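Reader: Please take a close look at the charged pairs in this model and at whatever they connect to. State the cut-offs as you go.

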Amino acid sequence: DFWAKQHKIRVNLRNFMKAIIYTQYGTADVLRVKEVETPIPKRGEVLIKIYAAEVTKADCEMRSFNFPVKWFWLPLRIVMGLLKPKRQILGSYFAGQIESIGEDVSKFKKGDQVFGSTQLRLGAYGEYVCVPASYTIVPKPSNMDFNEAASVPLGGLNALHFLRKANIQSGGKVLINGAGGNIGMFAVQIAKVMGAHVTAVDSTIKEDILRQIGADHFFDYTKGDFTKNGQSYDVIFDMVANSAYSGCVKALKPKGRYLIANPRVSDMLRSILTSKMTDKIAVFAFAGEKEEELIALKVMIEEGKLKSTVDKVYTMEQAIEAHQRVETEQRLGSVVISMGKGSF
């Protein structure tokens, strides 16, 4: 009885937080809100109070372990957990505030408003997360709220990474396939900032919003194949995993560039041959999510050249609906889970 009381006292002394967890792979129904122990920052780490986290396709794919690109299934399963998830709190992209810092951290102080990525540590679906201060975390744009800021890192970092490899010239013709997703919507805006003439490819429901953010032309993939419409492009940025590689390359102008965001193994091999044996270049280098890139996005946002588009904001208790919204592909912008500023 004495030891039971001591254990109860120790438990009560701990700090707990709410988090959205999953203990098995499956549909969105495996998600639930639970109280878990609040992490404590170690040397070189920061504790971040999360105000908003983006719900991404990658979150849904990790939760279900169903990926459109199959070649990394086994290595990722080993990392993430063969039979059940090792890391039970999803979420990689967030906006929040520095709550406390570990030893040897001089980059941040308590109260700093930040946004960024937790990388493969995940954990942003909780009220707090601990990550190394060296991760891609920078001051939040002053002209964005937390929900808007949380929607930037995934789409913005990937779009900027690839388009910097595109060698876009002012007036160049750029086609973005899958433009209605978060990466695509940032790609449309960044390509316009770079001076491009942009064609966006997606489904009918995405046309209005893509034109609003700057697309010059829209092509509805449900009504035809853009590789067969007689047009050619300086750059094709492709987010769609099952695109016809040869058709995309043929739709490039001489010296054109094909940027592949979701490559199959066959695409990787063919891209090497394309780049070596033709005057066209195919690129599949994955985004490194660098701090410098996130700062560049912050500057563009504060200059009014770039914005995020939030489709819908959900509470933690609505996490199942948030995942289902992302999986329907009907969203017009990013889906965010808000932990509610000042609510904990």
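Author: Lysine 298 and glutamate 302 form a salt bridge, with 3.1 Å between the closest N and O atoms; the term means a side-chain nitrogen of Lys or Arg within 4 Å of a carboxyl oxygen of Asp or Glu. The model is predicted, so local features need pLDDT of at least 70 and side-chain atom pairs pLDDT 80 or more, while totals for chains, interfaces and linings use all residues. Residues are numbered from 1 along each chain as its sequence is written, and side-chain values use heavy atoms, without hydrogens and water.

Both partners sit in helix H10 (residues 291-302), 4 residues apart, which is about one turn of the helix. Helices (H or I, at least four residues) and strands (E, at least two) are DSSP runs, numbered from the N terminus. Lysine 298 counts as buried because its relative accessibility is 16%, whereas glutamate 302, at 33%, counts as partly exposed. Here buried is under 20% relative accessible area, exposed is over 50%, and partly exposed is in between (1.4 Å probe, protein chains only). Elsewhere, Arg43, Glu103 and Asp104 belong to one network, joined by salt bridges that share partners.

Across the whole structure, the search finds 19 salt bridges. One of them joins glutamate 317 and lysine 18 at 2.9 Å, N to O. Glutamate 317 is in the loop between strand E14 (310-314) and helix H11 (319-328) and lysine 18 is in strand E1 (residues 16-21), so this pair ties together parts 299 residues apart in sequence. Lysine 18 has 30% relative accessibility and therefore counts as partly exposed.

Another pair is lysine 206 with aspartate 202, whose closest N and O atoms are 3.9 Å apart. Both of these residues are buried.

From E8 the chain passes through helix H6 (residues 182-193) to E9 in a right-handed β-α-β crossover, that is, clockwise from the first strand over the helix to the second with the strands pointing away from the viewer.

E9 also pairs with strand E10 (residues 217-220), in the parallel sense over 4 bridges. There, histidine 217 of E10 stands opposite threonine 199. The chain runs from E9 through helix H7 (residues 207-212) to E10, and this β-α-β crossover is right-handed.

Key. Two strands pair if DSSP finds at least two bridges between them.
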